[in-house]
Amino acid sequence: MNTPFLSIEGLAKRFPSPDGPEPLTVFENVNFGIERGEFVCIIGHSGCGKSTIMNVLAGLDEATDGVVIMNQREVKGPSLDRGVVFQNYSLLPWLSALKNVTFAVAARHKDWSKEQVRAHSYKYLEMVGLADGAEHRKPSQLSGGMRQRVSIARAFAIQPELLLLDEPFGALDALTRGTIQDELLKIWRGTEQTVFMITHDVDEAIYLADRILLMTNGPYARVAESVEVGIPRPRARDEIVEHPNYYKVRNHLVHFLARRSKEMAGREHATASGRPETVRFDEPDDERPAAPTLYAVNE
Ligand code: ADP
Ligand code: MG
């Protein structure tokens, strides 16, 4: 069997319990692989452990059990092969937006001249619409959305083999979000990059991903399903809803979030293998787009 580019085996995260000997198990037996060049999104309710999994993939947090293998090597610490956009857009507060990017680019390309580093960094700041003077401001002088854009520019600019994105577009207005999603797709298409992205936006996941991993609620959360989107690329934002798979996938995701993530929660529902079940909608039984179903997502 071929080993995938990225392989997550038996991952678990436990915290010592404040009131008893039983530790708190956030997730356990999390197993999945990602092929080189794949774009994978992960969806699950708040608190199930998505950011923790991403930090383990980044080498910034340690799992209690299990291993992460990238390119046949165990991930043991951070590396410039992996670019991260955090949920809380962490930038170096004492550096300007531009320097936050050049700092990372210079670390990645030690042989580049100052001018090369600067030109390369500007290209990415332009991409996120921040090369108009805002690049000289420090993070405290930027809005939340602007800080998020700097952090996106920084991660993209180092052109990592694996791009790890934690709800990267959450703080952006719809127009900017659309533009940056399209830039992300363009960059991803033009490179061999692999993307692992956390989102809570089902439409964003369907528009961007090849595959969407679904996590059950914690404690004892796990990746229960791997949904193949099966919509050919390039995808046009205004036409994608007409593809026969669109609402099938969307309804499946919404139903999972509204009902099944809770019904399937808990240790007793875990399968022995712990591998996510593959869900495919590639046999269109009906060429008309399926109608959306509506659920109240309040729990
Ligand atoms: P998500 O990104 O899916 O919202 P996180 O990965 O941020 O979830 O958090 C997963 C869970 O881990 C949360 O339920 C959180 O309460 C718990 N957690 C995080 N840090 C600690 C800690 N130091 N002690 C106990 N529980 C923690
Ligand atoms: Mg999170």
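# Close-up views of the model

**View 1. Glutamate 167 lies in the loop between strand 7 (162-166) and helix 5 (174-189).** Helices (H or I, at least four residues) and strands (E, at least two) are DSSP runs, numbered from the N terminus. The model is predicted, and local features are reported at pLDDT of at least 70 and side-chain atom pairs at pLDDT 80 or more, whereas totals for chains, interfaces and linings use all residues. Residues are numbered from 1 along each chain as its sequence is written, and chains are lettered from A and ligands numbered from 1 in the order in which they are written. Glutamate 167 is not a glycine, yet its phi is positive, at about 40°. Most residues other than glycine have a negative phi, and most peptide bonds are trans. Glutamate 167 is classed as buried because 20 other C-beta atoms lie within 10 Å. For this classification, C-beta atoms are placed from the backbone, and a residue is buried if 20 or more others lie within 10 Å of its own, exposed if 12 or fewer do, and partly exposed in between.

**View 2. The loop between strand 9 (211-215) and strand 10 (223-228) holds proline 219 and tyrosine 220.** The peptide bond leading from glycine 218 to proline 219 is cis, and its omega is near -5°. Tyrosine 220 has a positive phi, near 60°, although it is a residue other than glycine. With 20 other C-beta atoms within 10 Å, tyrosine 220 is buried.

**View 3. Proline 234 is placed in the loop between strand 10 and helix 7.** Arginine 233 and proline 234 are joined by a cis peptide bond with an omega of about -5°. Helix 7 covers residues 246-263 and includes arginine 259. Arginine 259 is exposed, because its C-beta neighbours inside 10 Å number 12. From arginine 259 to glutamate 9 the C-alpha atoms are 27 Å apart, with a sequence separation of 250 residues.

View 4. Ala, Val, Leu, Ile, Met, Phe, Trp, Tyr, Cys and Pro count as nonpolar, Asp, Glu, Lys and Arg as charged, and the others, Gly among them, as polar.

**View 5. Helix 2 (residues 97-108) and helix 4 (residues 144-157) have axes that come within 9 Å and cross at roughly 20°.** Helix 2 is therefore roughly parallel to helix 4. Angles under 35 degrees count as roughly parallel, over 145 as roughly antiparallel, 65 to 115 as roughly perpendicular and the rest as oblique. Axes are lines fitted to C-alpha atoms, for helices over the stretch in contact, and angles run from 0 to 180 degrees between N-to-C directions. On the helix 2 side the contact is formed by Ala97, Asn100, Val101, Ala104 and Val105, and on the helix 4 side by Val150, Ala153, Arg154 and Ala157. Residues are in contact if their C-beta atoms, placed from the backbone, lie within 7 Å. The contact residues comprise 7 nonpolar, 1 polar and 1 charged.

**View 6. Helix 3 (residues 114-127) packs on helix 4 at an angle of about 135°, with the axes 9 Å apart.** The two helices, helix 3 and helix 4, are therefore oblique to each other. His120, Ser121, Tyr124, Leu125 and Met127 of helix 3 meet Ala153, Phe156 and Ala157 of helix 4. Of these contact residues, 6 are nonpolar, 2 are polar and none is charged.

**View 7. Valine 84 is located in strand 6 (residues 82-85).** Valine 84 is buried, because 23 other C-beta atoms lie within 10 Å. Apart from neighbours within four places in sequence, valine 84 contacts Ala58, Ala155 and Leu164. Leucine 162 is 78 residues from valine 84 in sequence, and the C-alpha atoms of the two are 8.6 Å apart.

How values were computed:
Contact = placed C-beta atoms within 7 Å.
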